[in-house]
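Thanks, everyone. I have one structure to walk through today. Have a look at it first.

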Amino acid sequence: IYTLRTLFPYTTLFRSTTDIARGERILVENPLLKYSSYDHALGQVAALGRRKKAVLYSLHNAHPDLPTLFGIVRTNGLPIDDEDNGAIFEFGCRFNHSCAPNVHHHWDAKREAIIFHATRAVRKDEELTIFYVRPLDSSVERQFKLRSTFGFSCTCEVCASADVAASDKRRESIKATTETLPSLGATPLRI
């Protein structure tokens, strides 16, 4: 249901090859490596086969001032739980960012896999994107985090809009509401 196209070195686009329904599964993938720290990642790399190492080192490094593996992990690592553990994936790490993404991912601990689903209906030939940063942060906070961690400024439809302030206001309202729920005795839904 998707194709992966390389435009420039380290620039890839996930494009839908068909219309995708909201909630439809797009990708299920096991990690190349899981890590809890840089040293742990280093040990995991030593155990990888030649092909998996080649895939790992083909990923973008937005931190050339750091040791190569650390830069790749910092640039491409996806969170897999609430304990600051992360993982690197051959395909899952190649989704581009948008502040209005059409794909969401979650870690399935039983399967030891990351699962990507469409968050809304996606048209054929539309790019498939995820969040790289906290979605409820302000545009200034998101842009800072994207520049400092990933080396780019976001130019998605939200950030390029003349109405960024209204988007920030809506995000702040949602953030305030979600932060109030636990104090009301509500239990967050586990999906």
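One term before we start: a residue counts as buried when its relative accessible area is under 20%. And keep in mind that this is a predicted model.

Let's begin with helix H3, residues 68-76. Which residues of H3 are buried? They are Leu 69, Gly 71, Ile 72, Val 73, Thr 75 and Asn 76.

What do the buried residues of H3 pack against? Three helices are on the list: H1 (38-46), H2 (50-58) and H4 (139-150). So are three strands: S4 (33-35), S5 (78-79) and S6 (86-88).

Those strands bring us to the sheet. S4, S6 and S5 form an open sheet in that order, with antiparallel pairing. S4 and S5 are the edge strands, each pairing on one side only. Between S5 and S6 there are two bridges. Leu 78 sits opposite Ala 87 of S6.

Cys 99 counts as buried because its relative accessibility is 3%.

Cys 154 is in no disulfide either. The nearest cysteine sulfur to Cys 154 is that of Cys 156, at 3.4 Å. Cys 154 has 8% relative accessibility, so Cys 154 also counts as buried.

That's my tour. Over to you.

Methods
Residues are numbered from 1 along each chain as its sequence is written. This is a predicted model: local features need pLDDT of at least 70, side-chain atom pairs count only at pLDDT 80 or more; totals for chains, interfaces and linings use all residues. Side-chain values use heavy atoms; hydrogens and water are left out. Buried means under 20% relative accessible area, exposed over 50%, partly exposed in between (1.4 Å probe, protein chains only). A disulfide is a pair of cysteine sulfur atoms within 2.5 Å. Helices (H or I, at least four residues) and strands (E, at least two) are DSSP runs, numbered from the N terminus. Contact means heavy atoms within 4.5 Å. Two strands pair if DSSP finds at least two bridges between them.
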